[in-house]
Amino acid sequence: MDDIEIEAVEEVTLSEPVLIEGLPGVGNVGKLAVEHLLEEFEDATLVRRVYADVFPPQVTIEDGVAELTHVKLHAVETPGDGPDLLLLTGDHQAQSNEGHYHLTDVFLDIAEEFDVERVFALGGVPTGELIDEPSVLGAVANESHVEALEEAGVEFREDEPAGGIVGVSGLLLGMGSRRGFDAACLMGETSGYLVDPHSAQVVIEVLQDVLSFEVGFEALEERADEMKEVAEKIQEMQQQQSLPSDDDLRYIG
């Protein structure tokens with residue numbers, strides 16, 4: 001196959017679509033958020049698959065059937081007056097620096113095909129400790145968008161995240177801005193060593209406010225309760241063993 005192949009699955013017309021990216025990263029916050037949106041918007045249409053040799057050399061298996069690793073983009077026609085959505089997610093990110101750049105370029109190419117002007121990258125920002133009420137931190141490509149996100153509850157902290165934003169989430173801001181997109185990154189606080197459905201929920205709640213859509217959270221809340229039990233067990237063990245330090249967790253996905 002070519003280095004990167006785009007499979008056009010379906011063609012749809014969207015109204016003022018917004019690209020929302022959620023790939024694996026810290027706490028899998030972004031990935032969980034986008035997957036939850038796909039579960040809630042049952043009429044989402046698969047429009048593109050992206051295959052690349054920078055993904056891990058493997059296939060996924062479902063009911064004994066193999067499928068080559070790839071990223072999917074789904075189109076969602078939202079009810080009401082809010083913009084439609086183009087949801088990007090998958091099980092892997094690129095395994096090389098060059099791969100992240102090439103894939104981000106392709107994702108932005110696809111966004112242009114659907115007349116996207118606004119991009120939200122979703123991820124987690126590690127705290128190094130378990131927290132009950134995570135905040136949502138923001139980063140934007142254009143300072144003029146800070147005020148609107150602050151009104152939705154997003155925090156902009158000086159010098160945070162300390163390690164910057166790596167992977168596709170960061171490049172969507174940097175490369176997206178250079179290509180004329182209004183790009184922002186929403187990062188839910190998370191411990192950094194647990195899958196975090198609760199953090200994914202608070203990120204979606206910000207998106208709901210900003211983009212004027214509404215979804216339920218029952219499935220995420222059930223998963224959050226399960227993870228809370230795990231977290232409580234970890235807290236019990238904290239005095240007996242050392243957990244990763246803040247420095248070990250200072251990255252964003």
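Which residues is leucine 103 in contact with, leaving aside its neighbours within four places in sequence? Leucine 103 is in contact with Ile4, Val50, Ala52, Val54, Phe55 and Ala94, where contact means heavy atoms within 4.5 Å.

This is a predicted model, in which local features need pLDDT of at least 70, side-chain atom pairs count only at pLDDT 80 or more, and totals for chains, interfaces and linings use all residues. Residues are numbered from 1 along each chain as its sequence is written, and side-chain values use heavy atoms, with hydrogens and water left out.

**The sheet**

An open sheet of mixed pairing is formed by 8 strands in the order β1-β3-β6-β7-β2-β8-β10-β9. Strands (E, at least two residues) and helices (H or I, at least four) are DSSP runs, numbered from the N terminus; two strands pair if DSSP finds at least two bridges between them. Because β1 (4-8) and β9 (136-140) stand at the edges with a single partner strand each, one side of each is left without a neighbour in the sheet. On average, neighbouring strands of this sheet are turned by 20° against each other, direction ignored. β9 pairs with strand β10 (residues 182-190) in the antiparallel sense over 5 bridges. Alanine 139 has cysteine 185 in β10 as its bridge partner.

Axes are lines fitted to C-alpha atoms, for helices over the stretch in contact, and angles run from 0 to 180 degrees between N-to-C directions.

| Helix | Strands touched | Angle of directions |
|---|---|---|
| α1 (residues 29-40) | β2, β6, β7, β8, β10 | about 125° with β7 |
| α5 | β2, β7, β8, β9, β10 | about 145° with β10 |

Helix α5 (residues 197-211) holds aspartate 209. Not counting residues up to four places away in sequence, aspartate 209 touches Glu151 and Ala152.

**The cores**

A nonpolar core is a set of buried Ala, Val, Leu, Ile, Met, Phe, Trp, Tyr and Cys residues joined through side-chain atoms within 4.5 Å. Buried means under 20% relative accessible area (1.4 Å probe, protein chains only). The largest nonpolar core has 36 residues, of which Leu19, Val50, Leu73, Leu86, Leu103, Phe107 and Val116 touch the most other members. Helix α2 gives the most to this core, with 6 residues. Apart from it lies another core of 31 residues, among them Leu38, Leu87, Leu149 and Val215.

**Serine 169**

Serine 169 is placed in helix α4 and is buried, with a relative accessible area of 0%.

How values were computed
Buried means under 20% relative accessible area, exposed over 50%, partly exposed in between (1.4 Å probe, protein chains only).
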